[in-house]
Amino acid sequence: MTEIRLTNSKTHRKEVLQPLDPANVRMYLCGPTVYDRAHLGNARPVVVFDVLYRLLRHVYGPEHVTYVRNFTDVDDKINAAALARKEAGAAGTLEALIRERTEETIGWYHADMDALGALRPTHEPRATEYIGQMVAMIEGLIARGHAYAAEGHVLFDVRSYPDYGALSGRSVDDMIAGARVEVAPYKRDPMDFVLWKPSSDDLPGWESPWGRGRPGWHIECSAMSDALLGPSFDIHAGGIDLQFPHHENEIAQSMCVHPEAEFAKVWMHNEMLQVEGKKMSKSLGNFFTVRDLLDKGVPGEVIRFVLLGTHYSKPMDWTAEKAEEDEAQLRRWLRAASNAKRSAITDDLIATIANDLNTAGAREIVNQQFQALELENLRGSLEFLGLMREGILPEWADSIREVYELNAIVCQPRHREYLPAILKILERWKEHRLRKEFRLADELKAAALEAGVELRVTPQYAEADTTSHRLNPAKLEALK
RNA sequence: GGCGGGUUGGCGGAGAGGUUACGCAGCGGAUUGCAAAUCCGUGAAGACCGGUUCGAUUCCGGUACCCGCCUCCA
């Protein structure tokens, strides 16, 4: 059996994965808070850990892996978004608007992540469907002396859990010295965090032993992983920014409710994504969603390919140049692979991925398969990596070739309607060349390239090719 | 201030204690009116300072710089 080695953030070491139960390998990924479209940074853990999911399914069998990724659909930002819509005159109760908003966002999320080739997890629980379990967990924490109620809130008592801070390498005292903690009169310790908080009448709330209220941020992941994976499971993953406080607090909650369990054996964290060398932020103006990229014409497979180009443990930089380069390379691979009748998965590909998800290294293996024209292996690799589905060439990578006497046009199938326009330009270019008006010919060629059409000659034909460039219909029209 | 990550050739980006990463770009050649594509060939690296070692870009320590987290942002 393939040995999978993963870097465990808990121990800072690469460890051999030894599942608690090989017949049911269990992983949990912190999912989105559903108040808005997923941005590109949200996509990195989804794609990276989708590769892990695929690897586990390959090694242990698809029916022996359980993958849980939650939707956090109770949150102040969701409330704020719904409230803003209500104030803007939207009809319906606030509760209905919230439901509408979260439903809509989950739909977007699925569409966007599907486009990136991410498999749907086994379970996608919504926090609002696990309020009962959260309340029960909080009651358990109070009963065991790890939490206390105060002024309608319930707080976790960090001093009651000696290992608090172990995952992120902090001590409670150090963090208080940093002094960037919310001080509230009802807290016993400034680091104590909220498990339950009261809701006013105009906010979503649930009845509880502490009055009408709603859960704190971290408890939902503890409750849902417990309900769906049990008190001990194999892998818990997420972005490095969640390591503290979110994951630290999850550990505290879960370990204190189930002292006999070990919660997650392996913790995995992906490093952050940057855009053109800078942190992605709305204020810098380099903030964009997955949908923005897709709408701009960057294929989902290409986004995925770029994300897999850097090891998950390193900061990764998204640049437009990288996306273009990778699109050209992936197109060549896909076209070659689409000629394969079958797919085969090679051991060296699996071994490379099994080595702490070395997806960048896997790209080299795929490139070797491409160079050696091992088409079945190439197709198998691309399918395994989620870059191709059943050997089918995606439309963006496809091309048709139309021949008109001595002219040939190569373009994507969806650009068929522009064939007459392209042919006109091609003929004009040929005319210039026959008359040896090379300056005019070169000018036209440059302008055509601007419009996304490349002109060239082959031994048989004068050719126009639009497949390596983004066709710009407006500029094309202007050239006619 | 505390904690964590990074630093490889023009750019992107891996593995391995000693043998070519690879891709893109570049350069030379074939080809072309010029190009493009393709094919053949080719130069180029390991932030800095120490240590371990027969030998380190790879292990250890330190320095510098960059980035992130400590503010319910993956």
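A backbone N or O atom of Leu-273 lies 3.1 Å from a base nitrogen of RNA strand B, a polar contact in the sense of a pair of N or O atoms within 3.5 Å (within protein, one must be able to donate a hydrogen and the other to accept it, and residues adjacent in sequence count only if both atoms are side-chain atoms). This is a predicted model, in which local features need pLDDT of at least 70 and side-chain atom pairs count only at pLDDT 80 or more, while totals for chains, interfaces and linings use all residues. Residues are numbered from 1 along each chain as its sequence is written, chains are lettered from A and ligands numbered from 1 in the order in which they are written, and side-chain values use heavy atoms, with hydrogens and water left out.

**Around the RNA**

- For His-311, a backbone N or O atom sits 2.8 Å from a phosphate oxygen of RNA strand B.
- Asn-367 has an N or O atom in its side chain that is 3.1 Å from a sugar or linking oxygen of RNA strand B.
- There are 49 residues around RNA strand B, and Lys-77, Lys-197, Gly-239, Leu-242 and Glu-454 come nearest; a residue is near a strand if one of its heavy atoms lies within 4 Å of it.
- Of the atoms of RNA strand B that come within 4 Å of the protein, 61% belong to sugar and phosphate.
- Helix H12 gives the most to the surface near the RNA, with 5 residues.
- Other elements that each supply at least two residues there include helix H1 (40-60), strand S9 and strand S16 (454-457).

**A look at Ser-232**

- You can find Ser-232 in strand S9, which covers residues 232-239.
- Ser-232 counts as buried because its relative accessibility is 18%, and buried means under 20% relative accessible area (1.4 Å probe, protein chains only).
- Leaving out residues up to four places away in sequence, Ser-232 touches Leu-20, Arg-26, Ala-261, Glu-262 and Phe-263; a contact means heavy atoms within 4.5 Å.

**Chain A as a whole**

- Chain A contains 16 helices and 17 strands, which are DSSP runs numbered from the N terminus (helices: H or I, at least four residues; strands: E, at least two).
- The C-alpha atoms of chain A fill a box of roughly 90 × 60 × 40 Å along the principal axes.
- Of the 480 residues in chain A, 52% are buried.
- Among contacts in chain A with a separation of 6 or more, 71% join residues 24 or more positions apart.

Notes. Buried means under 20% relative accessible area, exposed over 50%, partly exposed in between (1.4 Å probe, protein chains only).
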